[in-house]
Amino acid sequence: MAEPSGSDSLRTSLGSLQLANPVLSASGTFGSGWEGRDFSPLSRVGALVSKTVTVRPRHGNPPPRLAETPSGMLNSIGLENKGADYFLAETLPRMRTLCRRIIINIGGEAVDEFVELAERFCEAGVDALEVNLSCPNVQEGRLLFSTEARMCERAVTAVKRVATVPVFAKLSPNVTDVTAIARAAEQGGADGITAINTLIGMAVDWRRRRPVLGRGIGGLSGPAIKPVALRMVHEISRAVRIPVIGVGGARTAEDVLEFVCAGARAVQVGTAAFVDPAVLVSIVEELARLLAAAKTTITELCGSLQAPIPVAPQPAVAPISFAPQPAVAPRPGPAGQAEGR
Ligand SMILES: Cc1cc2nc3c(=O)[nH]c(=O)nc-3n(C[C@H](O)[C@H](O)[C@H](O)COP(=O)(O)O)c2cc1C
């Protein structure tokens, strides 16, 4: 297998995981890489990230599961996959022939399921685990692990207890304060944070008076979410000490460098690969050129953004002022009298 593309300027690391370059596939958008192998040499990307694998096979959500939106895409795949036994026997060996670094994204509906998957994939010798915390916790009210700090911490702690490779916690943007969840993952021992998963959205077919997607709602991805992802990556990178992997709307080398400047050590590319399956390798090649022209490196650029943004989100409404308010003259009622309410 060819060495992954990398000059020294592209090298990066995620905890103990050394990468030749910071460009990774985003979970669920590139299959196992096998489907895209004829479009470009995937050995040249930093790492391949698998679609979420669950303990048992999942059929996923009812169709339609994809809808195009302006500058983005909605999906409600519902984590369809053939389960861990199939993945370990069939998919993982194929992935290994494509790329030197393999990160397995695991999903569970209970902490025990995450633990079982972590044990099995570590035993199989993968390079890192990405824990998809946008999964409902069936033991605790079906809330997503990523929407509640204590549940997030518990899941990450349990995975870390058995994992022998770096563990990245993948967070949902569908929360009020993503830094609180990121800190909980760090507290649980995560070696890195992947941010962000998709934003919940909806597409409407008004003629049929129905949502376009079979499940009604879905996850928004693509360029439309890049500004949200950049903001969250930046906030998280200031709130935790562990590395951040940026994801959300990146399609060009310029986009990747924006994420790196905002604080990401690596960047995943997802929806853009639906438009151009060779885009990951093109980005790697363009990155080297851009960095050489700017006489900088990924390491030097990482987190160099000078932005005066606060780490904690601001209140959505202006704080109540207790200063004396100007007196308001009573409005005349219909008969010319003051409304006495
Ligand atoms: C069709 C589709 C399937 C996805 N499946 C998964 C998945 O199985 N696990 C996961 O953690 N994220 C999944 N994602 C989210 C992506 O990994 C990524 O976080 C998101 O799409 C934002 O990146 P992008 O705008 O570059 O696509 C999926 C996204 C899409 C579009």
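Strands β15 and β16 run parallel to each other and are joined by 4 bridges, where helices (H or I, at least four residues) and strands (E, at least two) are DSSP runs numbered from the N terminus, and where two strands are said to pair if DSSP finds at least two bridges between them. Within this pairing, Ile245 lies opposite Ala266 of β16. The structure is a predicted model, in which local features need a pLDDT of at least 70 and side-chain atom pairs count only at pLDDT 80 or more, while totals for chains, interfaces and linings use all residues. Residues are numbered from 1 along each chain, as its sequence is written.

The pLDDT, which is the predictor's confidence in each residue on a scale from 0 to 100, averages 91 over the chain, and 89% of the residues score at least 70. Over residues 327–341, however, the pLDDT stays under 50, and the model has 7 contacts beyond four places in sequence for this segment, a contact being a pair of residues whose C-beta atoms, placed from the backbone, lie within 7 Å. In the chain, 71% of the contacts with a separation of 6 or more are between residues 24 or more positions apart. The chain has 9 helices and 16 strands, and 47% of its 341 residues are buried. A residue is called buried if 20 or more other C-beta atoms lie within 10 Å of its own, exposed if 12 or fewer do, and partly exposed in between, with C-beta atoms placed from the backbone.

The pairing of β15 with β16 belongs to an open sheet of 8 strands, which has the order β3-β16-β15-β10-β9-β8-β7-β4 and parallel pairing. Strands β3 (23–25) and β4 (48–49) stand at the edges with a single partner strand each, so one side of each is left without a neighbour in the sheet. The partner of β3 is β16 (residues 264–269), to which it is joined in the parallel sense over 3 bridges, with Leu24 opposite Gln268 of β16.

Strand β7 (residues 102–106) pairs with β8 in the parallel sense over 4 bridges, and Ile106 stands opposite Val131 of β8. Antiparallel pairing is found around strand β14 (residues 218–221), which 3 bridges join to β6 (residues 72–75), and which another 3 bridges join to β11 (residues 199–201). In these pairings, Met73 stands opposite Ser221 of β14, and Ile200 stands opposite Gly219 of β14.

Helix α3 (residues 149–162) has 14 residues and reaches 21 Å from its first C-alpha to its last, close to the 20 Å expected at 1.5 Å a residue, the expected span being 1.5 Å times one less than the number of residues. Its buried residues are Met151, Cys152, Glu153, Ala155, Val156, Ala158, Val159 and Lys160, and what covers them includes α2 (111–123), β8 (128–132), β9 (167–171) and α4 (178–187).

Leu143, in the loop between β8 and α3, is exposed because 12 other C-beta atoms lie within 10 Å; leaving aside neighbours within four places in sequence, Leu143 contacts Pro136, Asn137, Glu148 and Met151. Pro173, in the loop between β9 and α4, is buried because 21 other C-beta atoms lie within 10 Å. Not counting residues up to four places away in sequence, Pro173 touches Val178, Ile196, Asn197, Leu199, Val228 and Met232, and the C-alpha atoms of Pro173 and Met232 are separated by 7.8 Å although these residues are 59 apart along the chain.

The ligand is surrounded by 25 residues, of which the closest are Gly28, Thr52, Ser221, Gly270 and Thr271, a residue being near a molecule or strand if its C-beta atom, placed from the backbone, lies within 6 Å of it. This shell comprises 8 nonpolar, 15 polar and 2 charged residues, where Ala, Val, Leu, Ile, Met, Phe, Trp, Tyr, Cys and Pro count as nonpolar, Asp, Glu, Lys and Arg as charged, and the others, Gly among them, as polar.

Conventions. Two residues are in contact if their C-beta atoms, placed from the backbone, lie within 7 Å.
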